[in-house]
Amino acid sequence: MRPKSVVLLFRLFWLFIVRRVVGRGLLASPAARLSAALLLVAAFAGFNVLSYVVIRQYLGGTGLLEPVLQVANASVGFWVLIAYTLIRVLFMKADELLKLSFNLPVTNKERTMGFALFESSLVLLVTVFIFGAFSISTVLIEGTDYIPKVLASIWFPAISTYLLLSLGYYLLERALQALRIARLRGLVVPMVLAIGLAAAFPQTNEQSSQIAESYVSGREYNAPVLLYAKLLEDVGLWFSILVLLATSAALVPAIVAIAPRNYVPMRRFFAILPQWLAGRKFGVYILILFRSFETMVAFSFILIYSVFAWFENLVLPPYALALITFQGVYAFSNSEPLRRIATYPGRTVANYLRLVGSQGVLLVVVGVPVVGLSLAQGVPLEACLPVLGFCVSNILISTLVGIAFPPEKGNPFTVIIGVLLTLILVMIFALGLNVFNFEPITNTAIFTALNLLVVFYSILGMRRMERIARNEVVA
Amino acid sequence: MKWLLRFIAGLTVSFVVTMIVVVTSFITTMFSASEMGVRKFGLFGALFFEPHEQADGATALEIGVSNGAPIAVVFSISLVFYVAVASVLERLKLHKKRLLQADKG
Amino acid sequence: MTVTVANVNYAYNSRTQVLHDVSFTIAENQIMGLIGPNGSGKSTLIKVILDLLQLQSGRISIGSDSSQSRNAKMSSIYLSSNDYLPEFLTGAEYVRFMHGLYGEPLDQEELRTQFARYSMRDRQRDLIEDYSHGMRKKLQLIAAFMLRRRFTVIDETLNGIDIDAINLFERDIRTLATDGRSVLLCSHDFTMLEHVADELSLLIQGALVFQAPVRTIIRDHGTIADLANEFIRAMEPS
């Protein structure tokens with residue numbers, strides 16, 4: 001394996017992201033790109049300031065930062081697993097990216113490693129977003145002496161966890177290839193990760209409460225996840241770094257050795273539901289939604305969460321249902337061939353209604369058993385209704401995101417920016433309306449008006465895309 | 001139709017800007033308030049924030065709008081700014097079109 | 001169905017004029033071959049004819065209807081050079097969907113026969129996702145031959161399909177161009193065009209530089225390839 005090829009591939013993948021992701025849809029104009037970048041930087045800065053103020057106000061000078069850092073250390077594995085799951089699910093659809101390298105003189109091993117390096121740089125970005133604010137705030141409050149503690153409690157465990165997860169993932173890929181079901185990895189891998197999250201969550205909670213109890217009773221708490229922090233305390237930073245390097249030196253070659261040598265294309269659709277549905281336009285929109293692997297992934301996450309909630313006796317409204325409503329992000333681009341293969345694509349409003357209507361059908365199909373389960377657990381119906389309202393709203397919003405930031409086939413990354421910006425705006429609206437303290441009926445009216453606005457802009461966006469395709473207006 | 005679309009876009013953008021300003025002011029006010037029972041104001045007196053200590057020792061937060069005028073001003077300024085920028089952009093586009101046509105002729 | 005293209009000009013922007021005053025007619029029961037070098041404007045011309053690109057100047061009629069009318073769109077079928085196939089459908093579902101779009105009943109028996117004829121027996125229940133490049137092209141042809149629109153446009157759909165399928169296609173396209181139906185066939189396969197096309201149009205840099213019956217071309221120039229070479233030599237800077 002030539003490291004130079006791996007680095008070249010890594011650079012090629014990043015070039016792809018910069019050219020094909022940051023520069024499409026609404027981000028096509030430089031002004032929009034600058035605004036989006038400023039909004040993201042402002043959001044991260046705001047997150048930092050918020051974290052600093054909260055930690056200083058509630059923990060500064062209390063001596064409580066020490067156990068809080070230990071709790072953060074115990075939860076690092078869980079958060080890295082979340083970041084890894086997000087990136088891994090996104091990468092499942094990144095066939096186009098891999099195909100870029102098929103006509104280059106590189107071996108399959110080099111391709112896999114270049115891809116792994118690219119993936120780890122993205123995981124690093126997500127991890128910086130998750131832990132960055134906390135790390136910066138603690139160092140600002142406690143001084144530079146705290147840097148080794150933050151490194152040993154947060155960043156060293158994060159690196160080792162990521163490497164362990166990568167090794168686990170490649171082992172799973174090898175196993176799937178051996179069982180000749182590697183094409184189904186789009187479904188199997190997210191399910192395994194979801195089961196991992198379901199197992200890690202109570203474990204993390206349990207450890208956090210044990211750390212709190214130990215602190216209150218003045219006992220010392222030891223666990224494998226706190227290894228780097230313990231080594232720092234008992235021996236010193238140099239030894240902690242040495243152990244990190246030794247662990248990485250063992251894990252990285254293991255990853256290189258176990259990474260699959262051949263590439264198996266992933267199955268993106270599953271032939272479920274009867275074929276008579278294909279005879280009707282609405283039926284075809286239902287087929288595309290139900291058959292896509294993204295829906296299967298969301299469904300499997302909801303299923304695993306529901307089973308987990310039942311056994312763990314988590315009595316909560318059916319929040320997990322929201323996962324199924326993010327399919328709207330792909331609804332417009334996935335159904336693009338349906339509007340392209342016919343010389344008469346149909347009316348825009350009718351096509352929009354088919355897009356959101358099919359998602360409504362999916363929500364009902366998945367929602368009935370999930371809400372039923374919540375009701376059986378004793379959650380009142382009044383607590384479930386706002387969740388359903390949110391789900392309907394999310395279908396409309398995610399469909400708009402999919403129209404404004406259309407994800408390409410085989411390139412799922414285009415969707416990230418749209419989803420991030422939308423989440424920021426939705427959070428601002430929710431918090432803003434909370435400040436106004438309106439009556440529930442007024443809040444409902446405002447949300448309805450906002451949703452109508454979303455519908456209006458979605459139809460306008462679809463019409464504009466059609467006009468761009470017909471070269472009636474310039475993109 | 002074109003003007004109706006522009007009006008709706010203006011209202012949407014102004015609403016978003018107003019919400020961002022309100023939320024930012026609210027967060028700033030929230031973290032500058034430290035004493036229990038003292039009401040703090042933000043955004044030129046438009047928003048208030050007051051933490052209370054309850055009988056069981058828990059902290060209750062009272063938040064809300066004390067004066068809607070500054071918020072209305074923020075909304076109006078955003079709307080006027082949007083309309084101004086949109087009009088200038090429209091004129092510049094027309095000018096560019098005329099220049100291109102003259103160049104072609 | 002007579003298709004008339006009269007004085008069509010098209011530009012993507014103020015600097016790039018793609019079509020220059022293109023005019024021709026495709027008569028009933030006629031297969032018109034369209035050839036030209038890459039970038040000569042063939043696909044743009046096809047898209048303008050089918051109203052997939054907005055007509056900027058000139059006139060296009062499909063039968064007695066304007067190309068923008070719903071009637072014209074329902075009378076035409078377009079087999080594009082790009083793969084815009086819904087990969088989440090099986091082959092049979094795709095044909096069913098196309099029949100649904102045109103409001104035509106699906107003949108299951110004919111569907112089976114066509115799949116068997118094009119060497120895709122027992123593959124109609126497989127997802128298009130699992131089809132090879134050639135199979136995807138054949139699927140588009142099967143749909144077009146089953147739907148028998150009055151105006152069929154084929155834009156380089158035959159690239160990459162095997163010789164057996166090409167032979168079948170030549171027979172089927174001839175059968176299609178009867179009972180008043182017309183075909184516009186854009187291809188770089190000159191031999192196939194010599195076998196099936198009645199008339200040939202040559203587009204170079206957006207202008208229709210030559211149009212004649214294929215029989216006349218063979219008589220005067222030998223082959224379509226010879227005719228194309230003559231034009232290429234004439235266009236070369238001396």
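Axes here are lines fitted to C-alpha atoms, for helices over the stretch in contact, and the angle between two of them runs from 0 to 180 degrees between N-to-C directions. In this predicted model, the axes of helix H5 (residues 108-142) and helix H6 (residues 147-178), both of chain A, come within 11 Å and cross at roughly 155 degrees. Because angles over 145 degrees count as roughly antiparallel, H5(A) is roughly antiparallel to H6(A), and the crossing of these two helices is right-handed. The residues that make the contact are listed by helix below.

| Helix | Residues in the contact |
|---|---|
| H5(A) | Ala116(A), Ser120(A), Val123(A), Thr127(A), Phe131(A), Ser135(A), Thr138(A), Val139(A) |
| H6(A) | Ile147(A), Val150(A), Ile154(A), Ala158(A), Tyr162(A), Ser166(A) |

Turning to the nonpolar cores, the largest has 125 residues, and those with the most contacts inside it are Ile302(A), Tyr94(C), Leu184(C) and Leu185(C). Domain 1 (3-258) and domain 2 (275-404 + 437-469) of chain A both give residues to this core, which therefore lies between them. A second, separate core of 32 residues includes Phe78(A), Phe131(A), Ala152(A) and Ile211(A). Leaving aside residues up to four places away in sequence, Tyr94(C) touches Leu85(C), Pro86(C), Leu89(C), Ile128(C), Leu139(C) and Ala143(C).

Between the chains, 25 residues of chain C are in contact with 23 residues of chain A. On the side of chain C that touches chain A, the elements that give two or more residues are helix H2 (70-75), strand S6 (76-79) and helix H3 (91-102) of chain C, and H3(C) gives the most to that side, with 6 residues.

Definitions and conventions. Residues numbered from 1 in each chain as written. Chains lettered and ligands numbered in written order. Predicted model: local features only at pLDDT ≥ 70, side-chain atom pairs only at ≥ 80, totals over all residues. Core = buried A, V, L, I, M, F, W, Y, C linked by C-beta atoms within 7 Å. Buried ≥ 20, exposed ≤ 12 C-beta atoms within 10 Å, placed from the backbone. Domains from an automatic or database assignment. Contact = placed C-beta atoms within 7 Å. Helix = DSSP H or I, 4+ residues; strand = E, 2+ residues; numbered from the N terminus. Parallel < 35°, antiparallel > 145°, perpendicular 65-115°, else oblique. Left-handed = near helix turned anticlockwise from the far one by under 90°.
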